[in-house]
Amino acid sequence: MKLEASKDRMKVMGRYDRLDEMLYLCYSGAYVEFLFVGCYLEVEMLSDFVSNKEACIMGVYLDGKIHSRLKLNKGIHRYTLIDSTERISVKVRLIKLTEVQYATSAIHALFTDDEATIQPTKYQRRKIEFIGDSITCGYGNEGNQYGSFTTEEENAVKSYAILCAEELKADFQLISFSGIGIISRYIEPDIEEPLTDVLMPIIYPYTDWYLYKRKEIKNKHLWNFNEFIADIVVINLGSNDASYIRNQKDRENYFVEEYQKFISTVRKYQPESVIICTIGVMEGKISLVVQKAVSLYKEHTGDNKVYFFEEEAIRSEEGIGTAGHPTVRTHERMAQKLREYIQENGWLD
């Protein structure tokens, strides 16, 4: 039996789009989840823009526990999720572990035995949106500082964002992209001009700006923000901007102006949410600049539902991930601290 991947059949979490009869799971941590009763289950998926080091990795979770990791091949292929000699009942989650700028993931259809049933799981009452860079993606959190990056070392499920949301029993949505910033992407020390081809203020309003660019789709789809009305929005940006700012006052002032504008953009689309602006685990020098931007935004707008929360830096005993990024141990500590901060303020009561 062939079944279409649709919201009446499965919970779809994270930004998604339908293109060419495919259900695209866009950013890190986007997933489908459903209750399955049957013997056999296959998923037919498409992946584009695949290289050896940058394949899309999908996590298969059964009843909340990791069952397998699917490394998607280029093109359309079928992947077996369940193959049982007996009829079983299980909650299935298929979640994107890797990020949007690498290979894509799109579900075409499910294939199962004729007597099988599939029903969507329930949505949580609480909702948190995370906007960030490689840290939020979980870049290199399963690697080490001596290795070169592959997507097999990136696991969004073990990022502070998803760990925190799961601990708070909240649905989550990530809009995250490695190397991204407010006024510049990451640049090397010998470069003086900012890298502005992909910035968060540009891509945030669209469902998957980068996918449309790669597929040369001119009419980019705006995201329907009513799909996910967040109780809390966490913004974790600025670490890559610091590679350009370099303590230069004019660049710093420009960043402060543009960061305030981005908070205003988020407020426009999430008018009732608490907004937490956080920074510091990798780049401490920019923390005071982000804090200044938040203070000025609140002073200028009177918006008292915006807060600054400074992260603690990476600790040597926690190890160091790929390219100096936080390891899973550091992400676990980050998640705990952020969860405690949210709970202490009663924002999800």
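## A buried salt bridge

Lysine 11 counts as buried, at 2% relative accessibility; buried means under 20% relative accessible area, exposed over 50%, and partly exposed in between (1.4 Å probe, protein chains only). Its salt-bridge partner is aspartate 171, with 2.8 Å from N to O. A salt bridge is defined as a side-chain nitrogen of Lys or Arg within 4 Å of a carboxyl oxygen of Asp or Glu. The two residues are 160 residues apart, with lysine 11 in strand β2 (residues 11-13) and aspartate 171 in strand β12 (residues 170-176). Helices (H or I, at least four residues) and strands (E, at least two) are DSSP runs, numbered from the N terminus. Aspartate 171 is also buried, with a relative accessible area of 2%.

## Basis of the model

This is a predicted model, in which local features need pLDDT of at least 70 and side-chain atom pairs count only at pLDDT 80 or more, while totals for chains, interfaces and linings use all residues. Residues are numbered from 1 along each chain as its sequence is written, and side-chain values use heavy atoms, with hydrogens and water left out.

## Partly exposed pairs

The structure holds 22 salt bridges. In one of them, lysine 71 meets glutamate 152 at 3.1 Å, N to O. This pair also links distant parts of the chain: lysine 71 belongs to strand β7 (residues 65-71), and glutamate 152 to the loop between α1 (134-137) and α2 (160-167), 81 residues apart. Lysine 71 is partly exposed at 39% relative accessible area, and glutamate 152 is partly exposed at 45%.

Another salt bridge joins glutamate 312 and lysine 337, whose closest N and O atoms are 3.9 Å apart. Glutamate 312 lies in the loop between β15 (306-310) and α8 (328-344) and lysine 337 lies in helix α8, so the pair ties together parts 25 residues apart in sequence. Both are partly exposed, glutamate 312 at 34% and lysine 337 at 33%. Through shared partners, salt bridges join Glu312, Arg315, Glu318, Arg333 and Lys337 into one network.

## Helix α8

Helix α8 has 17 residues, which should span 24 Å at 1.5 Å a residue; its end C-alpha atoms are 24 Å apart, which agrees. The expected span is 1.5 Å times one less than the number of residues.

The buried residues of α8 include Val328, Arg333, Leu338 and Ile342. Among the elements that cover the buried residues of α8 are β11 (126-132), β13 (232-236) and β14 (274-279). Just after α8, glycine 346 takes a positive phi of about 65 degrees.

Methods: Contact means heavy atoms within 4.5 Å.
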